[in-house]
Amino acid sequence: MAGQASISTEILARYAADAARGVDGVLGLADSPLPRRRAVRISGSDGAVRLELHVVTEWGASIPAVGRRVQERVREYLRSMADVEPAAVEVVVDAVGPEPQ
């Protein structure tokens, strides 16, 4: 009888958040003031995991480039840490950091 382990969505969200924070151009994650709206949201059905990450980028960073790097980094990190291949990694830029003085 073969066993299967499962990883909680909370752990996957932490892994995704760690990966996103490590990308150049990302200042941090953007939590919503609304209840149950977190910076990393995970959904899925039929074994397909979908992620939505809300980030704050640095002033002057190329938003499309940062978004692509976050997608790539999150995919790589989840593959290596949890053996999970996300069906989608969506990146939402909620804010841009302040302009340097």
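**Figure 1. The lining of the second largest pocket, by residue class.** In this predicted model, eight nonpolar, six polar and one charged residues make up the lining of the second largest pocket. Ala, Val, Leu, Ile, Met, Phe, Trp, Tyr, Cys and Pro count as nonpolar, Asp, Glu, Lys and Arg as charged, and the others, Gly among them, as polar. A pocket is an open set of points, on a 1 Å grid over the protein atoms alone, where a 1.4 Å probe fits, with protein on both sides within 12 Å along at least five of seven lines; lining residues have an atom within 4 Å of a point. The second largest pocket holds about 240 Å³ of space, a volume being the space filled by probe spheres set on the points, which are joined across faces, edges and corners. Of its 15 lining residues, I7, L12, G47, V49 and V84 are the closest to the centre. Two or more lining residues come from each of α1, β2 and β3, and β2 gives the most, with four residues. Helices (H or I, at least four residues) and strands (E, at least two) are DSSP runs, numbered from the N terminus.

**Figure 2. The largest pocket.** The volume of the largest pocket is about 380 Å³. It is lined by 14 residues, of which E10, A13, R38, V40 and R41 are the closest to its centre. The lining comprises six nonpolar, one polar and seven charged residues. α1 supplies the largest share, six residues, and β2 (40-45) supplies at least two.

**Figure 3. The largest nonpolar core.** A nonpolar core is a set of buried Ala, Val, Leu, Ile, Met, Phe, Trp, Tyr and Cys residues joined through side-chain atoms within 4.5 Å. Among the 21 residues of the largest core, V40, L51, L53, V70 and V74 touch the most other members. Two or more core residues come from each of α1 (9-21), β3 (48-57) and α2 (63-82). Leaving aside residues up to four places away in sequence, V74 is in contact (heavy atoms within 4.5 Å) with A16, A19, A20, L51, L53 and V89.

**Figure 4. The backbone at D83.** Most residues other than glycine have a negative phi. D83 is not a glycine, yet its phi is positive, at about 55°. D83 lies in the loop between α2 and β4 (88-96). With 71% relative accessibility, D83 counts as exposed; buried means under 20% relative accessible area, exposed over 50%, and partly exposed in between (1.4 Å probe, protein chains only).

**Notes.** Residues are numbered from 1 along each chain as its sequence is written, and side-chain values use heavy atoms, with hydrogens and water left out. Local features need pLDDT of at least 70 and side-chain atom pairs count only at pLDDT 80 or more, whereas totals for chains, interfaces and linings use all residues.
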